[in-house]
Amino acid sequence: MDQKSSFSVEHAEEHVGATLRLLRKQKGMSLKALAEASGVSVGMISQVERGLANPSVRLLTSLRRALNVSFQELFAKPASETEHAGDPDFVRRADNRPIIDLGDLQKELLTPTDKPHLQLMIIHIDAGAESGGWALSYPAEKGGLVLDGEVILTVDGKNVALSHGDSFAFDGMLPHSLSNVSSEPAAVLWIIGAVQFDRHL
């Protein structure tokens, strides 16, 4: 995917599981306690923590909410982060974008810092993939721009085909999902405004 940074997605996958395990232990939660709080099975959580399974957006959201942590805390920090230590906090370099790899969907964080009211990211969607296979709903204004490929955006039961250069905006409280029904990978700039602590795609 041309829009994606050179950061290793394999490292990102390992980081998600390792980070979830670290956050769970920091919260003093057992696998069973997290399973009960999130509705995700102990076996699935264990597989994710050990890097044996890629969590969907839905599963990751359930675990993150149960742990009461922000979305940005789950992103892998690129190795180049220290190279830009002198940059002001309103800048994020192209080679310094944290990534979460969810298997056939990757999120690349563009927002310089953990801004409570604005999140920018590029969502990379493999051919035939979708955002967790369910309709998400969060209180926030959302919008975006298709950077590459073709996607189907579903908002409140309405499907629309979008391609390179097409943009959109909608109320995040409406159930929505994003899918790539083409045979080529797609990339979408995703913007979330006036978002609170645990509100994101």
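Rings of Phe, Tyr and Trp (for Trp, its six-membered ring) count as an aromatic pair if their centres lie within 6.5 Å; planes under 30 degrees apart are called stacked, over 60 edge-to-face, and the rest tilted. By this rule, F168, F170 and W190 form one aromatic cluster.

The model is predicted, so local features need pLDDT of at least 70 and side-chain atom pairs count only at pLDDT 80 or more, while totals for chains, interfaces and linings use all residues. Residues are numbered from 1 along each chain as its sequence is written, and side-chain values use heavy atoms, with hydrogens and water left out.

**Aromatic pairs**

The structure holds three aromatic pairs. One of them joins F168 and W190, and this pair is tilted, with 5.6 Å centre to centre and 50° between the planes. F168 lies in strand 7 (residues 167-171) and W190 in strand 9 (residues 186-193), so the pair ties together parts that are 22 residues apart in sequence. Helices (H or I, at least four residues) and strands (E, at least two) are DSSP runs, numbered from the N terminus. Both F168 and W190 are buried. Buried means under 20% relative accessible area, exposed over 50%, and partly exposed in between (1.4 Å probe, protein chains only).

**Salt bridges**

Side chains of opposite charge can pair when their charged atoms come close. A salt bridge is a side-chain nitrogen of Lys or Arg within 4 Å of a carboxyl oxygen of Asp or Glu. The whole structure has three salt bridges.

| Salt bridge | N to O distance |
|---|---|
| E49 and R24 | 2.7 Å |
| R93 and D87 | 2.8 Å |
| R97 and E108 | 3.4 Å |

E49 in helix 3 (residues 42-49) and R24 in helix 1 (residues 9-26) are 25 residues apart, and their pair links distant parts of the chain. E49 and R24 are both buried. R93, in contrast, is partly exposed at 39% relative accessible area, and D87 is partly exposed at 23%. E108 is buried, at 0% relative accessibility.

**The nonpolar core**

In soluble globular proteins, nonpolar side chains tend to be buried together. A nonpolar core is a set of buried Ala, Val, Leu, Ile, Met, Phe, Trp, Tyr and Cys residues joined through side-chain atoms within 4.5 Å. The largest one here has 40 residues, and L20, L60, I100, V151, L153 and W190 touch the most other members. Helix 4 gives the most to this core, with five residues.

Neighbours within four places in sequence aside, L60 is in contact (heavy atoms within 4.5 Å) with V16, L20, P55, F71, L74, I100 and L102.
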